[in-house]
Amino acid sequence: MRFEQGWLRFAVLWAGVFMFAGETAAQEKIKIAYSSADASNTVWFTALDGGMYRKHGLDVELIFIQSSTMSVSTVVSGDIQVANTSGGAVASAVVGGASLVMTACYINTLPYELIVQESVKSVEDLKGKSVGISRVGSASDVAARVLIKGLGLEPVKDVPIIQVGGPTERAAAFRTGRIVGFPSPPGTIHLAKGMPHRVMISTADFQKRYDFPYICSTTTKNYLATHRETMRRLTMALIEATHFLKTRKEDTVKFIAKYTRQNNPQYLESSYAANVKLHDRVPLVTREGTEIQIREALARKPGATLRVEDIVDDSIVRELEKSGFIDKLYK
């Protein structure tokens with residue numbers, strides 16, 4: 001009898017081991033690049049810490065790469081399977097010969113404000129002075145141009161735009177006076193200490209939403225064709241993470257605090273409030289916004305041709321919407 005009981009316990013133990021091993025083996029490894037730890041990237045972090053990736057059979061490694069432009073390069077090289085990029089970076093890369101496609105966009109507008117020195121009191125004060133961005137073709141570049149135009153000025157001609165680098169480099173250039181302004185996501189300026197400033201204009205001030213493919217999952221056309229099921233599961237995980245963001249404030253704020261490494265209450269509250277509104281329930285890629293980015297990219301590459309269909313394939317999102325997957329989440 002004791003032998004039988006011992007054997008039973010042994011069998012149950014090994015059954016558990018094999019079940020765990022099977023679950024582990026079922027998880028498909030995938031590397032995803034993200035270019036900023038600010039709150040606009042919350043769904044990528046939420047899907048990891050909230051277990052959405054694993055729920056859909058994905059063992060995801062999130063890798064920080066400082067800009068969308070560099071993230072795109074790693075996808076093209078094959079080092080990374082999927083990148084979180086902006087439409088501007090994708091359009092520029094494809095015009096340059098890359099084979100990339102946006103499969104979904106979780107934020108389809110440009111959430112930026114123009115931060116300037118306190119001494120810049122008027123539009124005239126901004127003329128002739130430099131605004132700093134990360135890289136040409138990046139979201140911050142697009143934002144700078146849009147915000148400057150919103151003030152009735154011409155980018156570059158009236159207000160020079162210079163490449164400075166990431167948020168840390170821009171803050172340093174701002175403090176030293178190398179630049180008098182820079183585009184920044186909503187709420188981020190609350191983290192600045194010893195940086196007298198003012199918000200000169202925000203895209204939130206625009207009467208009409210500025211359509212822009214901002215937080216988008218991007219991969220190569222070949223990867224989408226050969227790993228469509230993987231991309232479908234990834235899209236499902238991120239759509240569920242968006243639902244989590246919109247319905248689980250306390251937990252989401254914890255994720256934002258963890259990944260941004262900030263505990264400033266003002267920042268966390270304003271960032272959460274902004275991102276609840278900014279994230280789309282159905283992450284289709286904005287056609288209007290993509291067309292604008294294509295025109296910008298083509299202007300820098302005379303003679304090149306590019307259509308929306310060349311860089312957008314959000315058919316997986318359409319399939320999920322048609323199946324009722326998204327509606328069921330929000331019931």
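Over the chain, the average pLDDT is 88, and 91% of the residues score at least 70. This is a predicted model, in which local features need pLDDT of at least 70, side-chain atom pairs count only at pLDDT 80 or more, and totals for chains, interfaces and linings use all residues. Residues are numbered from 1 along each chain as its sequence is written, and side-chain values use heavy atoms, with hydrogens and water left out.

The description now turns to the strands. Helices (H or I, at least four residues) and strands (E, at least two) are DSSP runs, numbered from the N terminus, and two strands pair if DSSP finds at least two bridges between them. Strand E1 (residues 28-34) runs parallel to strand E2 (residues 58-64), and seven bridges join them. Within this pairing, Tyr34 stands opposite Phe64 in E2. E1 also pairs with E3 in the parallel sense, over two bridges, and Ile32 has Val82 of E3 as its bridge partner. E3 is in turn joined by three bridges to strand E10 (residues 211-220), and these two run antiparallel; here Thr85 stands opposite Cys216 in E10.

In a regular strand the side chains alternate between the two faces of the sheet. In E3 (residues 82-85), Val82 and Asn84 point one way, Ala83 and Thr85 point the other way, and all are buried, that is, under 20% relative accessible area, where exposed means over 50% and partly exposed lies in between (1.4 Å probe, protein chains only).

Rings of Phe, Tyr and Trp (its six-membered ring) pair if their centres lie within 6.5 Å; planes under 30 degrees apart count as stacked, over 60 as edge-to-face and the rest as tilted. By this rule the count is eight aromatic pairs. Ser36, in the loop between E1 and helix H2 (42-49), is in contact with Asn41, Phe45 and Phe64, leaving aside neighbours within four places in sequence.

Helix H5 (residues 87-95) is mostly covered, with eight of its nine residues buried. Among them are Gly87, Val90 and Val94. The buried residues of H5 pack against helix H4 (68-77), E3, strand E4 (100-109), E10, helix H13 (287-299) and helix H14 (308-311). Just after H5, Gly97 takes a positive phi of about 115°.

Helix H14 contains Asp310. Asp310 counts as buried because its relative accessibility is 19%. Apart from neighbours within four places in sequence, Asp310 is in contact with Leu100 and Lys221. The side chain of Asp310 also reaches the backbone nitrogen of Arg307 at 2.8 Å. Asp310 and Ala83 are 227 residues apart along the chain, and their C-alpha atoms are separated by 18 Å.

A further side-chain arrangement involves Arg281, whose charged end sits over the ring of Tyr330, 4.0 Å from its centre; the criterion is NZ of Lys or CZ of Arg within 6 Å of the ring centre and within 35 degrees of the ring normal.

How values were computed: pLDDT is the predictor's confidence in each residue, from 0 to 100. Contact means heavy atoms within 4.5 Å. A polar contact is a pair of N or O atoms within 3.5 Å; within protein, one must be able to donate a hydrogen and the other to accept it, and residues adjacent in sequence count only if both atoms are side-chain atoms.
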